[in-house]
Amino acid sequence: MAVLTAYDAIVIGAGFAGLSAATRLTRDGARVLVLEARARLGGRATAFADRETGELVDNGQHVLTGGYTETFAFLREIGAIDHVRVQPQLRVTMIDRSGRRTRLDCPDLPAPLHLLAGVLDWEALGWADRLSVLKMAGPMRTARRALRPGSHQLAASPGETVENWLIRNGQTARLRELLWEPLAHRIPAFERLRVTSAWAGHYEVCTLDHNGVIGPHPELGNLLFATGFSGHGVQHAPATGRGIAELIRSGQYETLDLTPLGYARIRDNQPMPELVVY
Ligand SMILES: Cc1cc2nc3c(=O)[nH]c(=O)nc-3n(C[C@H](O)[C@H](O)[C@H](O)COP(=O)(O)OP(=O)(O)OC[C@H]3O[C@@H](n4cnc5c(N)ncnc54)[C@H](O)[C@@H]3O)c2cc1C
């Protein structure tokens, strides 16, 4: 006990959430003990050395977008930002059937304008092809709505193939060949792959609403949750760590009120659903 009281806070788990909270607290001068069950840091955002090749393999596709402000700030703070590969603009080199090489080069504009501008400027396409991409705005919006839980909307007619859907929505043969089919062609290629070894990782999901559980336990005030981030913890955990550090330091959230994500919504069965899940 004497050892434990030498700390202002004890963080259990050195994943993104725990490390973010610990980093903030120590920066503010607190004495923090981090307890981690495993021999490495990072929790579910980690990598391991392949037994046969020795190659470092990411445990999953952690995709960061420009909106992960707190994640980038956290990575900068711990000196890990150089390990993130940033593609400032979408650039894809394409070779058509005649061997002509062109590049889809999307300028630095807010999405989806960047893609639109890229396709409109893509010299592999004639003007009719370029303009046909504009016709996809409506169908894509419908498809997004159809993916929402509880939606009764249909993105395509029952039994309709992707090709028919693209044709029905005005996509020219050239655009289908150069933009949409390369995506579809990648999938049969996977058929030829065979599993030689496998690694299983825990992909935890908050089944109530796909959101994290953040803040004090209702009966044990000095036990603070920062957990249950489902598939978006790399995005949410660094900001959560900041919030938890604020709570420990000053007894309240300072920069962002995380109360709605508290344990009370679980107890009271008041889900706050995260819709953008996959
Ligand atoms: C394949 C994959 C892809 C993903 N892609 C994305 C993505 O693109 N974008 C995104 O935002 N998120 C993504 N996520 C989710 C994200 O990785 C997690 O939500 C996030 O890493 C969770 O961080 P955490 O700190 O909350 O928990 P964890 O990373 O699970 O960390 C918890 C830590 O606590 C330790 N621990 C547990 N119990 C104890 C104990 N009793 N004592 C000591 N230590 C303990 C564990 O060993 C672990 O290291 C992905 C996850 C996976 C698996």
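Predicted model: local features only at pLDDT ≥ 70, side-chain atom pairs only at ≥ 80, totals over all residues.

Visitor: What makes Ile214 count as buried?

Guide: A residue is called buried if 20 or more other C-beta atoms lie within 10 Å of its own. Ile214 has 26 C-beta neighbours inside 10 Å, and therefore counts as buried.

Visitor: Where does Ile214 lie, and with which residues is Ile214 in contact, leaving aside its neighbours within four places in sequence?

Guide: Ile214 belongs to strand β7, residues 213-216. Its contacts beyond those neighbours are Phe225, Ala226, Thr240, Gly243, Leu258, Leu261 and Gly262. For Ala226, 12 residues away along the chain, the C-alpha separation from Ile214 is 4.7 Å.

Visitor: How do you know that the buried residues of α2 are on the same side?

Guide: The buried residues of this helix, which spans residues 69-77, are Glu70, Thr71 and Phe74. They lie on the same side of α2 because their arc around the axis is only 100°. On the other side of α2, Thr69 and Arg76 are exposed.

Visitor: Against what do the buried residues of α2 pack?

Guide: They pack against α1 and α8.

Visitor: Which residues come nearest to the ligand?

Guide: Of the 29 residues around the ligand, the nearest are Gly13, Gly15, Gly43, Gly60 and Gly233. Two or more residues of this shell come from each of α1 (16-27) and α8 (233-250), and α8 gives the most, with four.

Visitor: How do the residues of the shell around the ligand divide?

Guide: The shell holds 12 nonpolar, 14 polar and three charged residues, with Gly counted among the polar ones.

Methods:
Residues numbered from 1 in each chain as written. Near = placed C-beta within 6 Å. Buried ≥ 20, exposed ≤ 12 C-beta atoms within 10 Å, placed from the backbone. Arc of directions from axis to C-beta. Contact = placed C-beta atoms within 7 Å.
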